Amino acid sequence: MATEQELQSLFNKLDRDQDGKVSINELFLSPGLSAIISSETNTSSPQELLVNYDSDKDGSITFEELKEAVEKANNLT
Ligand SMILES: [Ca+2]
Ligand SMILES: [Ca+2]
């Protein structure tokens with residue numbers, strides 16, 4: 001499991017327009033980084049990540065949502 005710092009740095013790289021949220025388009029723009037997110041969250045695609053963990057359904061993942069996703073994924077395994 002990635003540390004919170006590693007996650008934060010991943011998140012910042014994915015958030016290209018730096019609005020504090022990673023949209024599905026930003027996930028598709030960085031397939032390498034998305035793959036790491038997928039493996040950390042036990043999802044197979046950006047769509048699945050959004051469906052399962054976009055708690056407020058705004059179509060983007062905030063750092064809080066990402067952290068929660070990683071925590072849930074690691075509790076399940
Ligand atoms: Ca963004
Ligand atoms: Ca969201």
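**Close-up 1. The buried side of helix α3.** Ser-34, Ile-37 and Thr-41 are the buried residues of α3, where buried means 20 or more other C-beta atoms within 10 Å of a residue's own, exposed means 12 or fewer, and partly exposed covers what lies in between, with C-beta atoms placed from the backbone. Look down the axis of α3 and its buried residues fall within an arc of 60°, so they line one face of the helix; the arc is that of the directions from the helix axis to the C-beta atoms. This is a predicted model, in which local features need pLDDT of at least 70 and side-chain atom pairs count only at pLDDT 80 or more, while totals for chains, interfaces and linings use all residues. Residues are numbered from 1 along each chain as its sequence is written, and chains are lettered from A and ligands numbered from 1 in the order in which they are written. Helices (H or I, at least four residues) and strands (E, at least two) are DSSP runs, numbered from the N terminus. What sits over the buried residues of α3 includes α1, α2 (24–29), α4 (46–53) and α5. On the face turned away from the buried side you'll find the exposed residues Gly-32 and Ser-39.

**Close-up 2. Ile-36 and the end of α3.** Ile-36 belongs to helix α3, which spans residues 31–41. Ile-36 has 15 C-beta neighbours inside 10 Å, so it counts as partly exposed. Pro-46 is ten residues from Ile-36 in sequence, and their C-alpha atoms are 11 Å apart in space. Just after α3 comes Asn-42, with a positive phi of about 55°.

**Close-up 3. Where α1 crosses α3.** The axes of α1 and α3 come within 10 Å and cross at roughly 140°. That makes α1 oblique to α3: angles under 35 degrees count as roughly parallel, over 145 as roughly antiparallel, 65 to 115 as roughly perpendicular, and the rest as oblique. Axes here are lines fitted to C-alpha atoms, for helices over the stretch in contact, and angles run from 0 to 180 degrees between N-to-C directions. The crossing of α1 and α3 is left-handed, meaning that the near helix is turned anticlockwise from the far one by less than a right angle, with clockwise giving a right-handed crossing. On the α1 side, Leu-10, Lys-13 and Leu-14 meet Leu-33, Ile-36 and Ile-37 of α3; two residues are in contact if their C-beta atoms, placed from the backbone, lie within 7 Å. Sorted by class, this contact of α1 with α3 has five nonpolar, no polar and one charged residues. For the classes, Ala, Val, Leu, Ile, Met, Phe, Trp, Tyr, Cys and Pro count as nonpolar, Asp, Glu, Lys and Arg as charged, and the others, Gly among them, as polar.

**Close-up 4. Where α1 packs on α5.** Here α1 (residues 4–14) packs with α5 (residues 63–76) at an angle of about 130°, their axes 11 Å apart. The two helices α1 and α5 are therefore oblique to each other. Their crossing is right-handed. From α1, Glu-4, Leu-7, Gln-8 and Phe-11 meet Phe-63, Leu-66, Lys-67 and Val-70 from α5. The class tally for α1 with α5 is five nonpolar, one polar and two charged residues.

**Close-up 5. The two faces of helix α4.** Pro-46, Leu-49 and Leu-50 are the buried residues of α4. Down the axis of α4, its buried residues fall within an arc of 95°, so they line one face of the helix. They pack against α2, α3, β2 (60–62) and α5.

**Close-up 6. The loop between α1 and β1.** Asp-15 sits in this loop, which runs between α1 and β1 (21–23). Asp-15 has 19 other C-beta atoms within 10 Å, so it is partly exposed. Leaving aside neighbours within four places in sequence, Asp-15 is in contact with Gly-20, Lys-21, Val-22 and Glu-26. Thr-41 is 26 residues from Asp-15 along the chain, and their C-alpha atoms are separated by 17 Å. Gln-18 is found in the loop between α1 and β1 too, and has a positive phi of about 55° although it is not a glycine. With 7 other C-beta atoms within 10 Å, Gln-18 is exposed.

**Close-up 7. Lys-57 in the loop between α4 and β2.** Lys-57 lies in the loop joining α4 and β2. Phi of Lys-57 is near 55°, a positive value in a residue other than glycine. Lys-57 counts as exposed, with 8 C-beta neighbours inside 10 Å.
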